[in-house]
Amino acid sequence: MTNNEVIARRAEAVIPGGLLSPSRRLGAPIAFSRADGPYLYDADGNRYTDYHCAFGANVLGHRNPAIFKAIAGVNESVDLIGAGVLELEVEVAELLVKAIPCADQVAFCSSGSEATYHALRLARAYTGRKQIIKFQGGYHGWHDYVAMNGQSSRQMIGSFDPMSDGILYDAARYTKILPYNNATAVEDYIRANPGEVAAIIIEPIAHNMGAVIAQNQFLQDLRRITSENGVVLIFDEVITGFRHALGGYQSIVGITPDLATFGKAATSGYPIGLVAGSRDIMERVGRTGDGAVFMGGTFNGTPSSLSAVKATVQELSKPGVYDRLFELGSYLRKQIDEIIARHGIRAQSAGFGSVWLVYFFDGEFREYADLLRNDNDLDMRFRRALIEGKQIFQPLQLKRLYLSLSHDETVLNETLELIDTTMAHLARSAAA
């Protein structure tokens, strides 16, 4: 029995399902023991190229020296206090307010799911309304308000489609599911329900559908509709933030939401969640008594995580960093499209910046329903072949993959050789 198998059996005895989440399942048991740059190493000494990047958190690559140095430095002077304010908290908040267009103030928590939960609570408190709008295929965390209508079947699109047993319908029923990139549906619903909708929450690039990009006109229309109707516009930038730009995707498209949530790449691998927004909304977090919005948490703003934010911002602020991330992503997608064309596979590369994947269908895609054309069998065969070839990412159709600054053309070319071989095999099997 291999070391991987031994550890997997031990895990099954003490961890539900043997993993901290079903979304971490890779097929054959793999127990990782080391990470460095773009690579992971398992308990048997095998090396893997990491395109999972901890769900996108590791934008700089594993064990980045600047992050390690920052955390070691802060640990020499302070640890968790949970009272008063630290100068580090102020320094990091000032950096974020300067970088993020919508941010007059920021509040810290420990994860992206916590951040979206708090943002929705803030929106309801600010507006005095109950309903929220989310879009089919979007994912905004594990809580009952939004844990629904991810990868739904065609029959469940637009209907209540919970992602988990145990979700309280009394909480979820105030969430309306609408199609992505369809401003008419949003405006019609709000007009039919005046004074009822507290917030719209949206991924400005729907990376939980792979890489469905919100059209600029759609985002402009959402900004207009929400402003005209007193609705809070929330950009969920837990994936797009810091990975595509320091200021989030809002800084790229020039559309400023009322609130935005961040996580993952803000620390390049350490736990963090952020809510950023306008002062008139955010100030409710700092109140007590009437109108106050409670946002407590012992680990909100831990010094280690905040020092990682500060170091990550400093690293990502260096000249040419985002140019390099986008260059790597463009190179990979271009090469994949050439491979697809050469083998005659009905597929296309997709992505934005350092996020990439392959859709196994052709034609345009603007909303979740378009993705139902995906050949899920080919998608899964492709993914399993690459994982067997020691490339790591989620073996789930339509899920995005990531690059980090530690990836380079040499690493990508090794992967492209395997993609070429895999596509050739898929083409031969389809023709047989």
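**Close-ups of a predicted model**

**View 1. T267 and the residues around it.** Leaving out residues up to four places away in sequence, T267 touches I67, I272, S305, A308, V309 and T312, where contact means heavy atoms within 4.5 Å. You'll find T267 in the loop between β11 (259-262) and β12 (273-277); strands (E, at least two residues) and helices (H or I, at least four) are DSSP runs, numbered from the N terminus. T267 counts as buried because its relative accessible area is 0%, and buried means under 20% (1.4 Å probe, protein chains only).

This is a predicted model, so local features need pLDDT of at least 70 and side-chain atom pairs count only at pLDDT 80 or more, while totals for chains, interfaces and linings use all residues. Residues are numbered from 1 along each chain as its sequence is written, and side-chain values use heavy atoms, with hydrogens and water left out.

**View 2. Where α4 meets α11.** On the α4 side (residues 87-99), the contact takes in L88, E89, E91, V92, L95 and L96. Their partners in α11 (residues 303-316) are P303, L306, S307, V309, K310 and V313. Sorted by class, that's eight nonpolar, one polar and three charged residues.

**View 3. R121 on α5.** R121 belongs to helix α5 (residues 112-127). At 31% relative accessibility R121 is partly exposed, the class between buried and exposed (over 50%). Skip the neighbours within four places in sequence, and R121 is in contact with V293 and F294. Q136 is 15 residues from R121 in sequence and 21 Å away in space, C-alpha to C-alpha.

How values were computed
Axes fitted to C-alpha atoms, helices over the stretch in contact; angles between N-to-C directions. Nonpolar A, V, L, I, M, F, W, Y, C, P; charged D, E, K, R; others polar.
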